[in-house]
Amino acid sequence: MKYFVLSILFLISSPIKNISNWGKGLAVVQYNAEFNKSNSVKNLQRVSDARVFNAWIDKHPELKELGRIKSVPTIIVYKDGEEIRRWEAGIMMNLTITHHDVQEYIDELTGANKF
């Protein structure tokens, strides 16, 4: 039920129109707030082999609870709607990872790094 509600919220808040199946396969979600937008991980949309979404917890506060978000930004990788990896910001409210780090993790999951 939690993932159904989450997918509906993404459908409402995302500029991407066709995300009704975001829970199937791999999805990368960056949770953040407008006041911290400058600390978003840059170029995350370049990650391939996974759907990428931005979730703004100040616009949709219920996402904070559903994603168990303690700090922003937080990036979570979901596989078939289940969380499998999380990166959370520290006290400085930024992440030390790049979109390349996220892509490397996705490549490990898909086997793309074996070639």
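Colleague: Is Arg86 buried or exposed, and how do you know?

Modeller: Arg86 has a relative accessible area of 18%. Buried means under 20% relative accessible area, exposed means over 50%, and partly exposed lies in between (1.4 Å probe, protein chains only). The value of 18% is under 20%, so Arg86 is buried.

Colleague: What kind of model is this?

Modeller: This is a predicted model, in which local features need pLDDT of at least 70 and side-chain atom pairs count only at pLDDT 80 or more, while totals for chains, interfaces and linings use all residues. Residues are numbered from 1 along each chain as its sequence is written, and side-chain values use heavy atoms, with hydrogens and water left out.

Colleague: What makes the meeting of Arg86 and Glu83 a salt bridge?

Modeller: A salt bridge is a side-chain nitrogen of Lys or Arg within 4 Å of a carboxyl oxygen of Asp or Glu. For Arg86 and Glu83 the N to O distance is 2.9 Å. That is within 4 Å, so the pair qualifies.

Colleague: How many salt bridges does this rule give?

Modeller: It gives four. One of them joins Glu88 to Arg86, with the closest N and O atoms 3.2 Å apart. Another joins Glu83 to Arg68, at 3.3 Å. This last pair links distant parts of the chain: Glu83 is in strand β4 (residues 82–88), and Arg68 is in the loop between α2 (62–66) and β3 (74–79), 15 residues apart. Helices (H or I, at least four residues) and strands (E, at least two) are DSSP runs, numbered from the N terminus.

Colleague: What joins Arg68, Glu83, Arg86 and Glu88?

Modeller: They are linked in a network of salt bridges.

Colleague: Why is Glu83 called partly exposed?

Modeller: Its relative accessible area is 26%. That falls between 20% and 50%, so the label is partly exposed. Glu88, at 35%, is partly exposed too. Arg68, at 46%, is also partly exposed.

Colleague: Is Val28 buried or exposed?

Modeller: Val28, in strand β1 (residues 26–32), has 0% relative accessibility. That is under 20%, so Val28 counts as buried. Contact means heavy atoms within 4.5 Å. Beyond four places in sequence, Val28 touches residues including Leu44, Phe53, Ile75 and Val102.

Colleague: What makes a set of residues a nonpolar core?

Modeller: It is a set of buried Ala, Val, Leu, Ile, Met, Phe, Trp, Tyr and Cys residues joined through side-chain atoms within 4.5 Å. The largest core here has 16 residues. Val28, Leu44, Ile75, Trp87, Val102 and Ile106 touch the most other members. β1, β3 and α3 (99–110) each give two or more residues to this core. The largest share, three residues, comes from α3. Apart from this core lies another, of 12 residues, among them Ala27, Ile57, Ile76 and Tyr78.

Colleague: And His99: buried or exposed?

Modeller: His99 lies in helix α3. Its relative accessibility is 10%. That is under 20%, so His99 counts as buried. Beyond four places in sequence, His99 is in contact with Val41, Lys42, Asn43, Leu44, Arg46 and Val47.
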